[in-house]
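Please open the model in a viewer and keep the selection panel at hand.

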Amino acid sequence: MKLFKLFSFRGKVEKSVGQKRQFIAQKISRRYCFSAVSLFALQSVVALLGAMDLVIPDLPSPIPFEYGRSIHLALADLWPLIGTMGMVYFFTTAELNREIYSPRLARWQYGIAMLFSLSIFGTLALRIGNGREFLEGLPIFYVGICLALALASYNLIRTLLTDKRNITPAAATMTVGIIFLLLLLLPNTITYSNPITDEATKFWVVHLWEEMAFELTSAGFIATFYIVSGLAPRAQVEKWLYLEAVLAVVGGLYGTGHHYYWIGFPSIWLVLGSLLGLVEVIPVGMLVHMTYKGLKSSKIRSKREKLTLWLLLSSVFYHITGASLLGLFISIPWINLYMHGTYITSGHAHLALFGTLGFAVLAGCYYVLSRGSEPTLKGYRGGVLAVILLNSGLITMSSALLVAGFMETYLWRILGMDFMEVSLLLNPYLIIRAMGGAMYTLGDLLLFWHIFKAWQATKSKK
Ligand code: HEM
Ligand code: HEM
């Protein structure tokens with residue numbers, strides 16, 4: 001009982017910024033979003049060094065490539081997670097127009113999430129890990145991340161239950177997304193002697209986190225943003241949200257099948273994995289239609305909302321191309337048989353994970369951190385330039401990876417050439433990838449700077 005009291009909702013918690021209400025949860029969400037954007041900046045620098053290491057093998061580096069890669073992969077999941085936690089608090093309070101159940105619990109959650117995330121990066125840098133791709137940190141640290149997610153789930157459920165009659169679909173969708181993040185990570189905190197169980201649970205994070213849980217949290221954010229910015233009426237947005245939520249769960253759960261091809265699952269998953277991937281395109285198509293209609297009928301005047309929209313539209317673009325269409329192509333069993341685990345996978349991974357999820361989280365984090373300030377024209381142009389650089393870098397990087405992947409598949413898997421010979425032939429494309437990575441890093445640092453300035457400008461107002 002005492003423990004519950006410690007975290008429970010306390011007294012007067014609101015103050016005003018301009019005309020809009022400012023909740024404590026929204027203030028707390030700033031530290032999540034700022035940490036996420038900072039880790040994102042760190043990731044591109046680490047990744048660029050890794051990409052250079054692939055083409056200049058003797059590049060002096062304090063961390064060997066395999067550990068650098070594992071830090072890169074840990075960052076790829078954890079900064080979007082931390083950003084999402086902040087976004088969910090911010091947009092849930094905006095949707096419900098009331099405080100969350102316990103701001104204090106949200107602060108604890110932040111400390112725990114950061115402590116265990118930094119422990120993962122730190123220990124991997126010291127070459128301590130478990131070799132389980134994507135979840136390479138020590139299992140105990142994932143218990144810590146689960147604890148943070150459990151606190152978030154509890155806090156959000158209590159928030160919704162405080163006023164059951166005023167639960168909005170967007171707030172409920174984001175809460176369900178957070179609960180799924182917890183449930184899918186939980187089985188990964190123990191080790192399995194059966195390799196099939198081990199691989200399957202790993203893909204619940206690699207696939208289901210992204211294609212189901214984060215899909216739900218991002219959908220909630222997109223819905224709230226569209227309503228608040230006047231891009232679409234609430235009724236229309238909510239219709240879209242219901243369909244998106246159902247298809248994310250159904251498509252996500254069965255679509256995981258395309259990851260089960262190689263790990264000993266029955267072959268029915270081959271069919272489910274490729275067919276169910278198809279449904280994931282439907283809500284994205286609807287979102288594009290809604291955006292098009294919204295942009296035609298309403299004129300967004302705020303530069304802050306415009307920049308958020310640029311980031312969001314980038315996410316929508318990669319959702320259709322790099323995630324859905326390319327994903328669909330590589331999940332066709334006869335194609336996957338040859339291209340599995342080549343640079344094509346890496347191309348898809350970058351386009352889908354950063355392109356779709358990364359851009360959406362950046363849009364949300366920028367929106368959260370710039371609340372209460374409008375960028376100057378120069379600042380806005382700088383922000384747009386950063387988005388252009390990120391897009392150009394990502395497209396250059398991923399196109400080079402896709403060409404390298406097709407060559408790798410053809411020369412190595414089809415013609416049966418020697419692996420080392422093929423690797424040498426791929427070098428020019430990996431150089432182009434590193435150049436794309438440099439452009440991307442520039443965009444990343446520029447965007448970070450822009451967001452940092454917005455954060456600074458709004459700090460005193462909070
Ligand atoms: C936002 C959505 C998506 C994200 C974030 C995402 C992310 C990823 C990542 C990170 C990998 C690499 C996994 C590894 O190295 O083991 C991967 C692989 C894969 N993805 Fe996606 N993906 C998305 C959507 C899709 C969709 C919609 C499909 C199919 C319809 C798909 C099909 C595949 C396949 C078949 C592989 C395995 C490739 C191989 O065998 O090497 N993905 N995805
Ligand atoms: C400067 C930008 C980046 C560069 C230069 C870069 C470079 C790399 C390199 C060298 C690898 C090792 C495997 C390979 O050679 O492809 C890799 C893998 C990966 N990166 Fe990045 N990366 C960048 C940004 C990102 C971002 C922002 C994300 C996601 C948030 C991401 C997600 C991944 C994933 C999921 C893999 C594993 C791919 C696979 O399964 O084959 N990367 N990246």
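Donors are N, O and S atoms within 2.8 Å of the metal (3.2 Å for Na, K and Ca), and sites may look incomplete because water is not among the atoms. This is a predicted model, in which local features need pLDDT of at least 70 and side-chain atom pairs count only at pLDDT 80 or more, whereas totals for chains, interfaces and linings use all residues. Residues are numbered from 1 along each chain as its sequence is written, chains are lettered from A and ligands numbered from 1 in the order in which they are written, and side-chain values use heavy atoms, with hydrogens and water left out.

**Stop 1: the iron atom**

Select the iron atom of ligand 2, then His72 and His350: the NE2 atoms of these two residues are its protein donors, 2.0 Å from it. The site has six donor atoms with angles of 86 to 179 degrees among them, and is octahedral. Six donors count as octahedral if opposite donors are over 155 degrees apart and all others between 65 and 115. Ideal angles for six octahedral donors are 90 or 180 degrees.

Now colour by secondary structure; helices (H or I, at least four residues) are DSSP runs, numbered from the N terminus. His72 belongs to helix 3 (residues 65–96) and His350 to helix 13 (residues 343–369), and the two are 278 residues apart. His72 counts as buried because its relative accessibility is 17%. Here buried means under 20% relative accessible area, exposed over 50%, and partly exposed in between (1.4 Å probe, protein chains only).

**Stop 2**

A salt bridge is a side-chain nitrogen of Lys or Arg within 4 Å of a carboxyl oxygen of Asp or Glu. The whole structure holds six salt bridges. Select Arg69 and Glu133, whose side chains form one with an N to O distance of 3.0 Å. Arg69 is in helix 3 and Glu133 in the loop between helix 4 and helix 5, so this pair ties together parts 64 residues apart in sequence.

Lys202 is part of helix 7, so the pair with Glu133 ties together parts that are 69 residues apart in sequence. With Glu199 included, Arg69, Glu133 and Lys202 are linked in a network of salt bridges.

Then select Asp198 and Arg132, another salt bridge at 3.0 Å, N to O. Asp198 lies in helix 7 (residues 195–228), and Arg132 in the loop between helix 4 and helix 5. Both Asp198 and Arg132 are buried.

**Stop 2**

**Stop 3: the nonpolar cores**

A nonpolar core is a set of buried Ala, Val, Leu, Ile, Met, Phe, Trp, Tyr and Cys residues joined through side-chain atoms within 4.5 Å. The largest has 108 residues, and Leu81, Trp209, Tyr226 and Phe354 are among those with the most contacts inside it. Another core, of six residues, lies apart from it and includes Phe203 and Trp269.

Terms used. Four donors count as tetrahedral if all angles lie between 85 and 135 degrees; four count as square planar and six as octahedral if opposite donors are over 155 degrees apart and all others between 65 and 115; anything else is irregular.
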